[in-house]
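Please look at the structure before reading on.

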Protein chains: 2
Amino acid sequence: MALIVQKYGGTSVGTIDRIKSVAKRVERTRDEGHDVVVVLSAMSGETNRLLALAHDICAKPSARELDVLVTTGEQVTIALLSMALQSDGYEARSYTGAQVRILTDDSFGKARIQGIDAERIGTDLSKGRIVVVAGFQGVDGEGNITTLGRGGSDTSAVALAAALKADECQIYTDVDGVYTTDPRVVGSARRLDRITFEEMLEMASQGSKVLQIRSVEFAGKYNVPLRVLSSFEDGPGTLITVDEEEPMEQPVISGIAFNRDEAKITVRGVPDIPGAAYKILGPVGHANIEVDMIVQNVGADNTTDFTFTVHKNEMEKATEVLKNVAAELGAREVQSDASVAKVSMVGVGMRSHAGVAAKMFEILANEVINIQMISTSEIKISVVIEEKYLELAVRALHSGFELEKEPFESK
Amino acid sequence: MALIVQKYGGTSVGTIDRIKSVAKRVERTRDEGHDVVVVLSAMSGETNRLLALAHDICAKPSARELDVLVTTGEQVTIALLSMALQSDGYEARSYTGAQVRILTDDSFGKARIQGIDAERIGTDLSKGRIVVVAGFQGVDGEGNITTLGRGGSDTSAVALAAALKADECQIYTDVDGVYTTDPRVVGSARRLDRITFEEMLEMASQGSKVLQIRSVEFAGKYNVPLRVLSSFEDGPGTLITVDEEEPMEQPVISGIAFNRDEAKITVRGVPDIPGAAYKILGPVGHANIEVDMIVQNVGADNTTDFTFTVHKNEMEKATEVLKNVAAELGAREVQSDASVAKVSMVGVGMRSHAGVAAKMFEILANEVINIQMISTSEIKISVVIEEKYLELAVRALHSGFELEKEPFESK
């Protein structure tokens with residue numbers, strides 16, 4: 001008998017019928033003898049409906065009151081799922097974030113979890129009850145209602161699993177696991193049985209949208225085994241765990257992530273003096289523009305070209321900010337390019353295998369795809385290429401690294 | 001400067017525009033220098049929408065989970081009103097029932113208030129904030145969400161006013177006060193400037209739907225001055241206070257209430273033995289049927305006729321229950337009649353004025369209206385008559401007692 005935390009997202013509880021199917025799935029886990037804690041999002045569309053009401057009231061509703069408003073969404077689903085479980089003869093109890101004291105700081109709209117009082121849930125579980133908790137929400141030290149921000153329900157589930165020392169935290173979603181790359185781009189993309197937290201973090205930050213980065217970080221930090229599964233079909237999903245250091249079985253590359261949302265900005269002819277990088281990126285940061293990749297090369301005439309990527313939506317704003325900066329610095333010009341894409345190869349096996357970068361560049365060269373920027377970490381290599389070559393690059397890399405094949409015999 | 005509690009019902013906050021008008025009304029009170037606590041219902045229709053979701057899930061949802069579900073309705077309105085106040089430049093804070101600890105027993109769906117922690121609200125008021133509280137809801141000793149049942153928001157408002165020692169509790173509704181009788185029946189019906197708690201209780205229990213009985217009881221018990229006003233037009237409304245014992249100015253009759261919802265059941269030829277009344281009403285009570293008027297007369301041949309009224313919806317059920325009882329008792333027969341109506345004259349002045357009953361019967365006799373049952377209390381006389389004469393009776397009594405005239409000069 002294990003303790004399982006299951007999280008279902010907005011699409012999974014989007015209609016009354018879907019809530020009833022979720023109930024059946026929860027009941028099956030209970031029937032297998034496990035203790036079950038369920039974490040729910042609001043019905044899909046409900047949060048937007050509530051936000052629309054707020055914006056009909058005023059242009060800039062306060063963050064505190066927005067949280068009071070939108071948290072009603074999950075409160076509705078936890079009540080409905082509990083009713084469905086009860087009507088099937090199971091004992092169930094719903095709790096809001098405040099009721100199980102998911103204690104957060106007071107950053108309304110993007111609060112961070114500080115602690116959870118697991119006692120009440122423990123008592124219910126010991127009485128054989130299924131516990132249904134509202135995701136996405138918490139309460140600050142003064143009892144104000146807070147929300148955790150985007151993907152908050154995943155984070156709630158992982159935090160509950162950590163606090164309850166659950167055996168597994170299952171994230172039910174509309175895909176059946178984590179793939180070697182997006183199956184819509186590469187038909188032979190393969191579902192991974194396992195992936196490490198580190199790899200999942202890199203995949204997520206490189207554009208793979210299966211899980212929110214925060215919840216993966218949280219799960220890694222507290223070592224909560226995380227499983228991604230489909231709420232619409234049966235299957236083992238993908239288990240996200242610590243790197244168990246089994247190099248024999250370690251695939252070199254786990255997956256290929258990509259991202260079309262970035263734009264490239266280059267400041268050309270920057271005088272090569274100390275502090276130039278700060279003078280460029282400081283004003284960008286002050287304008288609240290997030291920067292992803294950064295590359296700097298020393299040029300010929302004691303000047304340098306400074307290139308970085310930002311979200312496409314912020315390209316114009318960043319360019320505007322930099323025009324003044326470039327003038328002050330005596331740089332030659334500011335160029336921007338939105339027609340780029342980023343491709344990242346991710347895998348913990350890279351650590352122990354030289355030559356991954358070389359092979360990647362070779363595969364791209366064979367397809368005559370020019371690499372505009374390169375950035376590497378211990379378990380990731382990212383390149384920026386012209387956007388129109390994105391699919392071609394991903395497919396070539398996927399087949400070049402033979403990702404469609406199982407890296408070793410399944411046990 | 002006074003402390004005013006204002007309660008707005010579902011119709012008053014039924015749309016975004018109406019919520020904005022409520023905000024303006026609240027702000028006007030604040031601008032007059034008063035501290036304001038606002039209590040809100042859910043937007044009209046919202047509670048029914050939520051109940052429909054529950055009944056799509058299962059036929060008999062649990063009371064605990066229903067309370068979790070429906071309390072989201074007021075949580076939405078308190079957030080929206082707070083946003084509206086803030087966007088007009090006023091400091092405001094919303095609180096759920098749980099957040100201001102409206103402590104109740106654990107009778108989900110019909111909980112009773114046991115206490116309120118006024119401290120948090122007091123702190124906000126002292127900082128100049130408008131406090132917006134969700135009506136209808138509370139929390140039990142273990143932190144479970146509860147609701148107060150029908151008319152619960154009025155009760156929340158009165159309880160808050162009592163706990164905060166407010167100067168006045170204003171109930172905003174879709175009528176502009178309490179009338180001598182229903183203006184749809186008697187065109188010359190007059191709005192009362194004042195009415196006592198006792199009279200209001202009798203009016204409410206006799207069918208006048210302006211305020212819920214519980215909230216009036218509560219206000220009377222804690223001596224909270226209660227004012228009924230319209231949320232759509234300006235005006236002084238009706239103040240409900242204690243009987244200030246000013247007999248000179250006391251009108252004999254304050255108003256005429258009536259009720260078409262009752263049916264009359266008569267058990268004929270009941271042997272006149274001790275315990276007969278209990279043997280008849282016991283099974284009716286056990287069947288959860290509420291009984292209103294009860295009349296018993298000794299008949300000729302050591303038998304008695306026993307008559308009482310129930311809600312029309314329960315007439316058949318009550319008759320069914322009584323058929324067996326009548327057979328056991330050796331009673332002659334059970335008759336029921338749904339085509340009756342009850343008319344009640346209410347007024348604390350009755351206490352000191354003899355002859356009110358006689359005058360009432362005279363007026364009805366002049367209209368050739370037969371009286372089927374009579375029941376009296378210190379400040380009320382009720383009669384049951386044939387339903388088709390209801391309007392005639394109410395108009396005749398209203399004009400016979402000159403209720404369209406001010407009983408004394410307004411001060």
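How many nonpolar, polar and charged residues are in the lining of the second largest pocket? The lining has 15 nonpolar, 20 polar and 12 charged residues. Here Ala, Val, Leu, Ile, Met, Phe, Trp, Tyr, Cys and Pro count as nonpolar, Asp, Glu, Lys and Arg as charged, and the others, Gly among them, as polar.

## Basis

This is a predicted model, in which local features need pLDDT of at least 70 and side-chain atom pairs count only at pLDDT 80 or more, while totals for chains, interfaces and linings use all residues. Residues are numbered from 1 along each chain as its sequence is written, chains are lettered from A and ligands numbered from 1 in the order in which they are written, and side-chain values use heavy atoms, without hydrogens and water.

## The second largest pocket

The pocket has a volume of about 1,400 Å³. Its lining consists of 47 residues, and B:Thr173, B:Asp174, B:Lys209, B:Val210 and B:Gln212 lie nearest the centre. (On a 1 Å grid over the protein atoms alone, a pocket is an open set of points where a 1.4 Å probe fits, with protein on both sides within 12 Å along at least five of seven lines; lining residues have an atom within 4 Å of a point. A volume is the space filled by probe spheres set on the points.)

At least two lining residues each come from helix H2 (46–57), helix H6 (152–163), strand S9 (168–173) and strand S13 (255–259) of chain B. S13(B) gives the largest share, 4 residues. Helices (H or I, at least four residues) and strands (E, at least two) are DSSP runs, numbered from the N terminus.

## Helices within chain B

The axes of H1 (residues 16–31) and H4 (residues 72–87) of chain B come within 9 Å and cross at roughly 60 degrees. Axes are lines fitted to C-alpha atoms, for helices over the stretch in contact, with angles from 0 to 180 degrees between N-to-C directions. H1(B) and H4(B) are therefore oblique to each other; angles under 35 degrees count as roughly parallel, over 145 as roughly antiparallel, 65 to 115 as roughly perpendicular and the rest as oblique.

In H1(B), the residues B:Ile16, B:Ile19, B:Val22, B:Ala23, B:Val26 and B:Glu27 meet B:Leu80, B:Leu81, B:Ala84 and B:Leu85 of H4(B). Contact means heavy atoms within 4.5 Å. This contact has 9 nonpolar, no polar and 1 charged residues.

The axes of H3 (residues 63–70) of chain A and H4(B) come within 8 Å and cross at roughly 160 degrees. That makes H3(A) roughly antiparallel to H4(B). The residues of their contact divide into 8 nonpolar, 3 polar and 1 charged.
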